[in-house]
Amino acid sequence: MDHNIIYAAITIAVGLVLSGVAHVGIRWLKKRAEKTESPLDDIILMTLGTPLVVAIIALSVYFALTRFDIVPESMGWLITDQVINAMFVLLGAWIASVFSYNLIRTYGSLIAEKTATDLDDRLLPILEIAARYLIWFVALLIILATFEIDITPLLAGAGIGALALALAAQEILSNVLGGAIIAVDKPFRIGDRVKIDTFFGDVMSIGLRSTRIKTLDSQIITVPNAKVTSSVVINYAMPDIKMKVRIPFSVAYGSDMEKVKEILLAIAREAAEKTSWVITDPAPSVYFLEFGESALIGQLILWTNNYDYSWDVQDWVN
C-alpha cells in the first residue's frame, strides 16, 4: 500500500510537471501566433490552453487512483467509468464552449466592422451566449445519460418551455428576425433619408428590435423592424444623394409657351451658376403638361446634388 501511494504521488507529480511544460509551450505558441495574419491559430491556442493543463492533471490523477489501488472501498464511486466519462464530457464542453465563444467574437467582430449598422454588434453577444448555453445543455444531457438518468422528461420540458417562450415572445422574435433581414439585405444605412410606410426622415439607428428615424421636424420615430421588412422602403440616398426637384408653374392663356420655357431654363441655368447645390447634369427641363381651368400648367425640373437642398432650390427658383 505504501509503495502504491509513492507511485501514485510520483504519477501526479509527473502530471504536474507535464502540465507546467504544456502551459509554457502554449504561451510560447501564443506569442508566435500573434505574428501570423490568421486569427484562427490564436483562437485554437486560447481554447486549448487552460483545458489542456487541467486535462493533463486530471489524467495523472485518474491513472494514480486507478492503477495503484489507493482509493478506499467507501470512495470507490470516485473512479467509476461514469464519473470519469462525466469528467471528460465536462472538459469537452469547456473546450467547445471557449472555442465557439472566441470564434464568434473574433470573426463576428471582423464582419461587424465592415458593416454600416450596429445591428450585428448587438447580435454578437446574443450568439455568444446562445452557443455557450446550447453546448452546456447538450453536455448536461450526455452526463445524465451516462449516469442512466432518464432525460426524456427533461427534453419534453425543454421543448414545452421553448414553445411557450416562442409564443410569448412572438412579436419580439419577429422584430429580431426583421433586424437580421435588414442587416443582410441592407435596404438603408445610418444617415440615409428614407420613407417607410408613412414615416419620412433620416435613419438614426438600426437596433435589434427597431429602427429609429428622425423626421424633418426633429421628431424621433421608432419603427419595429417587422414593420420595416413588410413595408415599401424608399431610400433617397441610394444610389446617391442626388435628387430631382419638380417645381410646378402656371401661366395665363395666350402666353407664348416657348418664351415661358426659355425664361424658366434661363432661371435654372442661373441657379446652377449662383448656387452650389443646383447641377446641370442631368440638364434642367421644362414641360407643358395640361390645360387648366384658368391657366396653362407646366413643370420645371432640375436636379440638386443633395436632397437636403430640395426646398432651397424651390425657394431660389420661386
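What volume does the largest pocket have? The exercises below work towards this and other points. The model is predicted, so local features need pLDDT of at least 70 and side-chain atom pairs count only at pLDDT 80 or more, while totals for chains, interfaces and linings use all residues. Residues are numbered from 1 along each chain as its sequence is written, and side-chain values use heavy atoms, without hydrogens and water.

**Exercise 1. Describe the largest pocket.**

Step 1. The volume is about 230 Å³. A pocket is an open set of points on a 1 Å grid over the protein atoms alone, where a 1.4 Å probe fits, with protein on both sides within 12 Å along at least five of seven lines. The volume is the space filled by probe spheres set on the points.

Step 2. The lining has 14 residues, and the closest to the pocket centre are R193, L216, Y307, S310 and W311. Lining residues have an atom within 4 Å of a point.

Step 3. Two or more lining residues come from each of β6 (243–251) and α9 (310–317). Helices (H or I, at least four residues) and strands (E, at least two) are DSSP runs, numbered from the N terminus.

**Exercise 2. Work out the order of the strands in the open sheet of five strands.**

Step 1. Begin with β1 (residues 193–196) and β2 (residues 199–206), an antiparallel pair with four bridges. Two strands pair if DSSP finds at least two bridges between them. K195 faces F200 in β2. The two strands form a hairpin with two residues between them, and D197 in the turn has a positive phi of about 60°.

Step 2. Go on to β3, which pairs with β2 in the antiparallel sense over five bridges. Here V203 stands opposite I213, and a hairpin of three residues joins the strands.

Step 3. β3 (residues 210–215) is also joined to β4 by five bridges, again antiparallel, with T211 opposite V223.

**Exercise 3. Is S19 buried or exposed, and what does S19 touch?**

Step 1. S19 belongs to helix α1 (residues 2–33).

Step 2. S19 counts as buried because its relative accessibility is 5%. Buried means under 20% relative accessible area, exposed over 50%, and partly exposed in between (1.4 Å probe, protein chains only).

Step 3. Leaving out residues up to four places away in sequence, S19 touches V53, I56 and I57. Contact means heavy atoms within 4.5 Å.
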